[in-house]
Amino acid sequence: MSKNLVGKILEKNLLSGDLVEGSDISIKVNQTLTQDSTGTMVYLQLEAMDINKVKTDLSVAYIDHNTLQAGFENADDHEFIKTAAAKYGIVYSKPGNGICHQLHLERFSKPGNVLLGSDSHTPTCGGIGMLAIGAGGLDVAVAMANGHYFLKVPKVMNIELVGNINPWVSAKDVILYILKELSVKGGVGYVIEYSGEGVKNLSVTDRATITNMGAELGATTSIFPSDELTKEFLIKQGREKDYSPLKADENASYDKKLVINLDNIEPMVALPHSPDNVALIDDVSGIKVDQIAIGSCTNSSYTDLMKVAKILKNKKVHPDVSLVISPGSSSIIKMLTDNGALGDLIDAGARILEASCGPCIGMGQAPKSNAISLRTFNRNFLGRCGTKSASVYIVSPETAAVSALNGVLTNPKEFGESPIIDVPEKFHISNNYFIYPTEDNKGEVVMGPNIKPFPIGKPLKADLKGALLLKTGDNITTDDIMPSNAALLPYRSNIPELSKHCFGTVVKDFYITAEKYDGGLVLGGENYGQGSSREHAALVPLYLGVKAVIAKSFARIHKANLINSGILPLTFTNKDDYDKFDELDNLVIQDLIQSLKKGKDIQLYNSTKDITIPLEFSGSDRDVEIILVGGYLNYSKNSIAKGDKNV
Ligand code: MIC
Ligand code: SF4
């Protein structure tokens, strides 16, 4: 039978279950990656699992998010991760080396392998033909400890690319175009598999830009075939041995199919405050711009930054614009330095940051009040840049660079000839920022005073009771549930401190309400928990006593994080029932354990309104077990105590 690419990789890595859409399976994980803002939790969880060495072929711990060290907190986290990496046989990437996804693509990615990462943009490596999935920290810790990952067999959507992109149109415009077509919910439940003649016109880093922002579509991941361009990329990285060709069989079947003609795509922009709020630049050009930020795991490759340098060479950044550039890796900075492009950027008036996430996660460079900020990043959720009154627009590097010169949002086509970039035969490769594990490590892990224990759930009670603490709307992001910025990121390993800011963009002082009512329930609309993989969006509500979240639908990673933390994610049987609830209604679910075990509808009684409505829990038997015992860590301890190591 003809197979698609996703089916081929799943089949090769299948450990248990049947490859039938919607079935629960476990797969072998070849590689993992963590970054520091989710990594501290991952390594605390790994410590709690009592293992010796990781079971993957390769695990890498990157430090790229919390690199502003305004106090001891971030540095403490780095030291903790560094010592944990040495103990468990994990490669450590020092701060300054670059952004996890860009570096992983350059240094370790391998077509046909499965990569699990504690960051939602892990699918970046789908650009080279990996099945690269973002997950919550606990799932990544389990993958490191046991080498496996549990998931439902996803549906596969084929996007066939035909034609060729026009001059000044880039991979970023392609994914923005797809976001406009499909929306931030359009990929939920799917892996997106790209194919077609148009693929041949996209470099590996272009493909990675597209798979990176598949996260914004809500897709489980996105993947491109591995072909001659993949081989060329790996040769330049000195890793030809990692190449293997990979494509779907002729006439492979898919659950959904789209054809996109690249010729029809024009420069696009995502308007505030959602990546799918996409317009043609021509329809909104001329907006005065205060800040422009170039970089992030979406657009910080050598080619992207060289294009920017060529556009800015011998020109001057507009006096009213602050242009800031954060390259993707230390190698890229070195190459830009050696070929003079860095000098061209500086000469034009750009501010150069170290190779890290930087402004993308609000780690510095918060724009001024009411600013218009153009960014080459992937998310423009309200407040994410650090300034709540600012409006963030997402664009390509070409659009960003040309707009930086003009001071207004500009279609780059107005600039003249589009820059052509040749990547040198040999990419700069250095190991000086990597620390490789050695056999003689003594296993000492250093935990500074900022690192506090994380909350662990309690076994479920037969009846669940509580007040409705908060009613939220559609597409609530993890940035809403657990905001992140330069002030809060230092507390990623300090849940009590973070809890004071829970739901900070939605409501003031949620934690006080939660304390007053001794915990309770939260209500959401569609796609609740979209965005980041941060488990803090589950661990913090757990700490505040949230027992269940009821929503119209959930984003994949957040739902898994809720289950792993022991918080029950429930959906409405009839979505209109959402309207029947108000904040502070008293809610009761009786016989919950029985309903979960028997897979029956769950009856929710709203005693304030005197109504009963049906709810559903959709999860595997394993998920039910995890919820019953109060989260994954309790579950794994129980299972290991019963002699089952394969949890
Ligand atoms: C993001 O882009 O939102 C982050 C910051 O990289 C997150 C991880 C985190 O919250 O630490 C993600 O995408 O998973
Ligand atoms: Fe870092 Fe931004 Fe990429 Fe998240 S989206 S990994 S914060 S660069």
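How far apart should the ends of helix 2 be, given its 14 residues at 1.5 Å a residue? Helix 2, residues 36–49, should span 20 Å, and the end C-alpha atoms are 19 Å apart, which agrees. Before I go on, please keep in mind that this is a predicted model.

I'll stay with helix 2 for a moment. Twelve of its 14 residues are buried, so the helix is largely enclosed by the rest of the structure. The buried set takes in Asp 36, Ser 37, Thr 38, Gly 39, Thr 40, Met 41, Val 42, Tyr 43, Leu 44, Gln 45, Leu 46 and Met 49.

Next, helix 3, residues 72–88. This helix has 17 residues and reaches 24 Å from first C-alpha to last, close to the 24 Å expected at 1.5 Å a residue. Among its buried residues are Glu 73, Asp 76, Asp 77, His 78, Phe 80 and Tyr 88. The cover over the buried residues of helix 3 includes helix 2, along with strand 4 (58–62) and strand 5 (91–93).

Now the cores. The largest nonpolar core has 102 residues, and the members that touch the most others are Tyr 43, Leu 46, Met 49, Phe 510 and Leu 596. Helix 5, residues 137–146, gives this core its largest share, seven residues. A separate core of 39 residues includes Ile 281, Met 306, Val 321 and Leu 336. As for Leu 596, which residues does it touch, not counting those up to four places away in sequence? They are Leu 460, Leu 568, Ile 602, Phe 617, Val 624, Ile 627 and Leu 628.

On to the ligands. Ligand 1 is surrounded by 14 residues, the closest being Ser 37, Asp 119, Ser 120, Ser 533 and Arg 534. Ser 37 is also one of the buried residues of helix 2. An oxygen atom of ligand 1 lies 2.7 Å from an N or O atom in the Asp 119 side chain. For the side chain of Arg 492, the corresponding separation from an oxygen atom of the ligand is 2.8 Å. Ser 532 has a polar side-chain atom 3.0 Å from an oxygen atom of ligand 1.

Asp 119 turns up again in the surroundings of ligand 2, which also include His 65, His 101, His 121, Cys 297, Cys 357, Cys 360 and Arg 384. By class, that shell has four nonpolar, five polar and two charged residues.

Ser 226 sits in the loop between strand 11 (221–223) and helix 8 (228–236). Is Ser 226 buried or exposed? Its relative accessible area is 4%, so Ser 226 is buried. A polar atom of the Ser 226 side chain lies 2.7 Å from the backbone oxygen of Ser 244. Beyond its sequence neighbours up to four places away, Ser 226 touches Pro 111, Ile 128, Tyr 243, Ser 244, Pro 245 and Leu 246.

Gln 365 is in the loop between strand 17 (351–352) and strand 18 (372–375). Its relative accessibility is 18%, and the cut-off for buried is under 20%, so Gln 365 counts as buried. Setting aside neighbours within four places in sequence, Gln 365 is in contact with Gln 291, Val 324, Arg 351, Leu 353, Pro 359 and Arg 375.

Definitions and conventions: Residues are numbered from 1 along each chain as its sequence is written. Chains are lettered from A and ligands numbered from 1 in the order in which they are written. This is a predicted model: local features need pLDDT of at least 70, side-chain atom pairs count only at pLDDT 80 or more; totals for chains, interfaces and linings use all residues. Side-chain values use heavy atoms; hydrogens and water are left out. A nonpolar core is a set of buried Ala, Val, Leu, Ile, Met, Phe, Trp, Tyr and Cys residues joined through side-chain atoms within 4.5 Å. Buried means under 20% relative accessible area, exposed over 50%, partly exposed in between (1.4 Å probe, protein chains only). Helices (H or I, at least four residues) and strands (E, at least two) are DSSP runs, numbered from the N terminus. Contact means heavy atoms within 4.5 Å. A residue is near a molecule or strand if one of its heavy atoms lies within 4 Å of it. Ala, Val, Leu, Ile, Met, Phe, Trp, Tyr, Cys and Pro count as nonpolar, Asp, Glu, Lys and Arg as charged, and the others, Gly among them, as polar. The expected span of a helix is 1.5 Å times one less than its number of residues. A polar contact is a pair of N or O atoms within 3.5 Å; within protein, one must be able to donate a hydrogen and the other to accept it, and residues adjacent in sequence count only if both atoms are side-chain atoms.
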